[in-house]
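Dear colleague,

Please read the notes with the structure open beside them.

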Amino acid sequence: MEPLNNESIEFLLNHPKTGQVTSDVNIETIERRSFSPKKIKIFSSSHTNIKACPEYKFTGDKEAQRLLPDIIHNTVQRIIAGDGKNETASEAFKVCRNIGVFFSGGPAPGGHNVIAGLYDEIKKYNPESKLFGFLSGPDGLLESKYVEITQSLVDAYRNMGGFSMIKTGRTKIDTEHKMERCLKTCMDLGLDSLVVIGGDDSNTNAAFLAQKFNSTGIKVIGVPKTIDGDIQVKTDAKEILCAVSFGFHTAARAFSQNISNLATDASSDIKYWHICKVMGRVASHLTLECAFQTHANISFIGEELADYTDYQRIEKAKKEGTIDYTAYGMTLRHLSRLICDIIVRRAAIGKNFGVMILPEGILEFINEIQVFIIKLNTIIAEYNHIHDIDFHTSFPTLTAKLEYLRRLTRGMKDKEKFSIWNLRDDDLFNQLPSFFQDGLLIERDTHGNFQFSQVKTENIIMDMVKEYLSILKEQGQYKVGIERSYYRSIMENSKFIPDKFATVLFVNPDDKYLLIKEAIISMKTLKQELINAELITLDDNVPEPIALIFKKSEPQFKTQTHFYGYDGRGSDPTYFDCNYTYNLGVTAFHLTANGATGQMAAIRNLEKKFDKWEPIGVPIAKLMHIEERKGKLELVIEKSLVDLDSNAFKIFKALREDWLAADVKKDRYRRPGPVRFTGSAEEDRPITLLLNSI
């Protein structure tokens with residue numbers, strides 16, 4: 001083929017169609033940028049006021065009272081419409097302001113709309129007001145690296161995913177020196193307020209910054225962000241003030257679209273189990289939402305596993321006059337057995353395929369693994385505290401780390417004191433696969449958390465499942481059911497009488513799906529059964545159609561593993577998240593304009609229709625408690641787990657047997673469809689929120 005000359009290339013590159021289809025900006029992007037989110041009605045007034053709501057009560061932490069004395073007495077604040085006749089108040093809202101904002105932690109869909117809502121509201125009241133975006137998260141604040149956010153910059157990112165506008169980072173503002181640097185940056189810019197968009201740790205930073213800045217008059221407001229959905233605010237009386245953090249719905253929908261595609265693939269190719277691990281290190285909210293969105297055959301909620309009780313073991317121990325402490329909490333072995341039971345049940349009715357969803361942090365809910373994690377976290381933290389070089393630098397290889405643990409056990413044998421790592425721990429740990437040992441000893445994140453996303457959780461569990469399925473196969477308990485009409489057709493086409501052989505071959509000859517008898521586990525045992533029934537002689541071969549039926553009943557357990565996390569958090573936001581985040585940005589402005597500080601911007605009644613949404617400020621200090629981080633006790637915001645008494649979980653529990661579909665009925669997979677931001681078919685809130693509003 002002759003190469004194109006320069007004139008041909010120029011013609012192709014300059015053609016309108018080429019420019020249209022290869023442009024960085026497509027029709028979807030144009031429509032997203034031009035979409036205008038809905039705005040809560042209160043924000044249409046000339047100005048707003050805030051009303052203290054002391055009726056919402058929280059049990060405060062003594063350490064929070066000690067460290068955050070200036071903001072610990074904050075109450076929930078409701079934003080209400082101001083008196084339109086009060087010109088003084090209206091004019092006060094129009095003063096020129098300088099506000100700073102930064103992202104903190106991993107991206108979540110909708111972050112750009114928080115900035116858009118904040119920017120639009122600032123400019124609405126005074127076009128001379130300025131919004132400064134600190135670059136790369138907290139580092140930008142620490143190093144005074146920022147950009148003035150302009151109309152053109154905001155317009156380029158409206159309703160778009162990611163945190164690309166000003167980037168993000170994970171640096172903790174956790175020392176007095178860092179606090180001073182942040183204060184200097186804010187003072188040099190003449191900031192009136194600072195908005196921190198992030199998760200639980202980032203809002204913890206916001207609380208400490210509010211305390212530090214309080215005497216200067218600079219206000220600090222947090223905005224709840226995390227796709228994990230584990231920032232939820234409930235009062236002592238269980239009143240819901242913030243039902244979910246932003247980004248959760250979009251991530252769940254993005255994951256669910258992919259999982260739904262796998263369900264379609266599984267039921268088409270009928271040979272794979274698709275094992276889907278979704279983000280959620282501490283809580284299983286994403287798994288629960290994805291279960292409702294897709295109706296996957298199996299979805300494990302970590303919080304339920306942690307709450308598991310084996311009543312059969314308890315009864316057995318009672319009869320023996322003992323106490324079986326292993327009856328409380330799920331073990332890895334038991335979990336693998338539960339999965340095997342489900343796989344065997346589906347295979348028996350011809351469905352040797354399916355879709356399973358696991359939360360990223362499922363191992364944290366397994367007692368034996370949690371003990372290892374706690375002990376290893378402590379060992380690593382203590383080593384780092386004592387030595388100048390950190391643990392992972394000192395022991396870069398798995399062999400070196402294991403040798404250090406062995407030295408700990410040998411050293412403690414000679415000392416009359418309690419050892420956090422004993423001989424039993426060492427023996428059990430050495431029984432684990434090397435890749436799992438390596439995973440448990442992996443470097444912790446910047447907050448001292450075990451990095452579940454870096455460990456092949458799904459491989460650990462499925463290796464145990466495969467091992468036990470092999471045993472069940474050898475015992476004749478794991479077989480693929482043969483559809484009776486297929487069996488009869490094969491036999492009759494080969495001139496054999498189906499009923500004559502059925503009672504010899506199958507345990508259930510009258511059912512729709514036929515199961516080969518447990519004793520028949522090979523061609524040799526099959527032949528023996530036929531000889532014993534006098535259907536063939538010793539010199540005969542197994543008839544071809546019967547051999548074909550037997551081979552079809554032999555299961556081949558094949559898996560495909562998938563991890564969903566980074567793709568979902570980078571997705572463009574759903575209609576729900578577009579509206580939610582825009583109003584969070586507007587709420588943040590009105591809180592600061594009314595003099596609030598140390599508050600988290602939130603929207604109450606998210607589980608209801610949009611006209612019921614209510615902007616509020618939640619006192620961050622009252623959400624905090626003491627938690628161990630990197631071997632130290634620190635004041636942080638408590639994460640919210642899946643509530644096993646919630647409507648959503650109860651409904652999931654009632655429906656999961658139907659979704660398992662271990663019967664002759666069709667699988668009940670649901671198609672959530674792609675993420676959209678407009679259209680009559682687009683859902684206006686997460687399914688779990690909708691169910692919990694009943």
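How many disulfides does the structure hold? It holds 0 disulfides, a disulfide being a pair of cysteine sulfur atoms within 2.5 Å. C182 is in no disulfide, and the nearest cysteine sulfur, that of C186, is 6.8 Å away. The sulfur of C578 is too far for a bond, because the closest cysteine sulfur, in C242, is 18 Å from it.

Please bear in mind that this is a predicted model, in which local features need pLDDT of at least 70 and side-chain atom pairs count only at pLDDT 80 or more, while totals for chains, interfaces and linings use all residues. Residues are numbered from 1 along each chain as its sequence is written, and side-chain values use heavy atoms, with hydrogens and water left out.

C182 is buried at a relative accessible area of 0%, and C578 is buried at 0% as well (buried means under 20% relative accessible area, with a 1.4 Å probe and protein chains only).

Helix 10 covers residues 200-213 (helices are DSSP runs of H or I, at least four residues, numbered from the N terminus). Of its 14 residues, 12 are buried, so helix 10 is largely enclosed by the rest of the structure; among them are D200, N205 and F213.

Helix 9 (residues 176-189) packs against helix 10 at an angle of about 70 degrees, with the axes 10 Å apart, and the two are therefore roughly perpendicular (65 to 115 degrees). The contact (heavy atoms within 4.5 Å) includes C182 and C186 of helix 9 and F208 and F213 of helix 10.

Best regards

Definitions and conventions:
Buried means under 20% relative accessible area, exposed over 50%, partly exposed in between (1.4 Å probe, protein chains only). The expected span of a helix is 1.5 Å times one less than its number of residues. Axes are lines fitted to C-alpha atoms, for helices over the stretch in contact, and angles run from 0 to 180 degrees between N-to-C directions. Angles under 35 degrees count as roughly parallel, over 145 as roughly antiparallel, 65 to 115 as roughly perpendicular and the rest as oblique.
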